[in-house]
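I opened my notebook to look through this model, one element at a time. Here is what I looked up, in the order in which I went.

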Amino acid sequence: MHANASEEEISAVVDLIHARGLKPLRLPGGDHTAIGIASAISPDIREALADTLRGQPGVSNVVHVSRPYKLASREFHIASTRVRVGEVVIGDGPVVAIAGPCAIESRNQLRETAAAVQAAGARILRGGAFKPRTSPYSFQGLQEEGLRYLREVAGELGIATVTEVIDPHDVELVAKHADMLQIGARNMQNFALLIAAGRSGKPVLLKRGPSATIDEFLFAAEYLLHEGNDQVVLCERGVMPLDRTYTRNTLDLSAVPVLKEITHLPVIVDPSHGTGNSRYVPAMALAAIAAGADGIIVEVHPRPKEALSDGQQALTPQTFAQLMQTAKRVAEAVGRPVSW
Ligand code: PEP
Ligand code: MN
């Protein structure tokens, strides 16, 4: 639709698409609303429908999309999407840093970490309350208690938050306590969870599955968009490694320019799970920014040796602060502003 299309003009186009038995989706963008038709359309009615739509008041352009994930594809939605998390914008702007512990362990641990990462320039606090652990005997997270700490600390410090949801039944609860929902790598194809998160009205951080192709990743994002939620950030966090001797996963940094080209959604990188080793996290965070990522998400713990999960990959507040300084210079070198 044109940037100045009226609500009546937008609704008329939506109704017209509906009347043809197709599914219209409103996608509000930065300065204009796009309307997607996610349904398959037979070739014989395609051109006629396109002509009808072109003749409607307020319509700026009609585009045929050839990629199977129509809503996530940049073909249909050329402008980069900006995702708003609290007051923070991810995508099509300054690089954003998200940081915090792997898991929320106590009110004090979260508060201490949050204050430190915020002072270093992180704009969004991460911290898991529901932890997807490989073993049922590992720490599963403080769950609802952890969510309360997250909300309290965020309120005290005035920082936006992201936390993982692992069960569709908990989406509403998590959405009440956090500014953004995280869907973890191992849940990338949990379709019921994607649908529930898509309907939550909250922005979603979608992590790439450890063995997901780029197309599978974008189909997962399509589930969220298809529920009418265009506030989706993609996160590359490493794929199945050939060799686990040195790194936990293989961080696929080439996914960044590929995704930036084929989708309008913002792309961030998680060098913590991507390497699994705090010694390698800074290098990969810098490389991610140089490669064009819209942000980074980094695990930080005040005492990594005492962490209840992922201590081996956690940066200390000091190392994180140093990384943020260097990251700023790398971003400047490649002509990118940062948000710290
Ligand atoms: C996490 O962010 O703590 C996490 C579990 O990440 P992933 O889903 O990428 O493994
Ligand atoms: Mn973790």
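**Entry 1: around helix α7**

I began with what covers the buried residues of α7, and found that the cover includes β1, β8 (180–183), α6 (191–198), β9 (204–207), β10 (232–236) and α8 (255–262). For my own record, contact means heavy atoms within 4.5 Å, and buried means under 20% relative accessible area, exposed over 50% and partly exposed in between, with a 1.4 Å probe and protein chains only. Helices (H or I, at least four residues) and strands (E, at least two) are DSSP runs numbered from the N terminus.

I noted the ground rules too: this is a predicted model, where local features need pLDDT of at least 70 and side-chain atom pairs count only at pLDDT 80 or more, while totals for chains, interfaces and linings use all residues. Residues are numbered from 1 along each chain as its sequence is written, chains are lettered from A and ligands numbered from 1 in the order in which they are written, and side-chain values use heavy atoms, with hydrogens and water left out.

Which residues of α7 are buried? I listed Ile214, Phe217, Leu218, Ala220, Ala221, Glu222, Leu224 and Leu225. The expected span here is 1.5 Å times one less than the number of residues. After α7 comes Gly228, with a positive phi near 90°.

**Entry 2: the nonpolar core**

Next I looked up the largest nonpolar core, which has 77 residues; Leu206, Leu234 and Phe320 touch the most other members. Helix α7 (residues 214–226) gives the largest share of this core, seven residues. A nonpolar core is a set of buried Ala, Val, Leu, Ile, Met, Phe, Trp, Tyr and Cys residues joined through side-chain atoms within 4.5 Å.

Setting aside neighbours within four places in sequence, Leu234 is in contact with Leu206, Phe217, Leu218, Ala221, Leu259, Thr263, Leu265, Pro266, Val267 and Ile268.

**Entry 3: helix α1**

Helix α1 (residues 7–19) also got a span check: its 13 residues reach 18 Å from first C-alpha to last, close to the 18 Å expected at 1.5 Å a residue. I found Ile10, Val13, Val14, Leu16 and Ile17 to be its buried residues. Down the axis of α1 they fall within an arc of 160°, so they line one face of the helix; the arc is that of the directions from the helix axis to the C-beta atoms. On the other side of α1, I see Glu8, His18 and Ala19 exposed. What do the buried residues of α1 pack against? I noted β1 (24–28), β2 (33–37) and α2 (43–54). Gly21 follows α1 and has a positive phi, near 80°.

Asp310 has a positive phi, near 55°, and is a residue other than glycine.

**Entry 4: His301**

His301 sits in the loop between β12 and α11. Is His301 buried or exposed? At 4% relative accessibility I count His301 as buried. Its side chain makes a polar contact with the side chain of Glu105 (3.0 Å), and the side chain of His301 also reaches the backbone nitrogen of Arg303 at 2.9 Å. A polar contact is a pair of N or O atoms within 3.5 Å; within protein, one must be able to donate a hydrogen and the other to accept it, and residues adjacent in sequence count only if both atoms are side-chain atoms.
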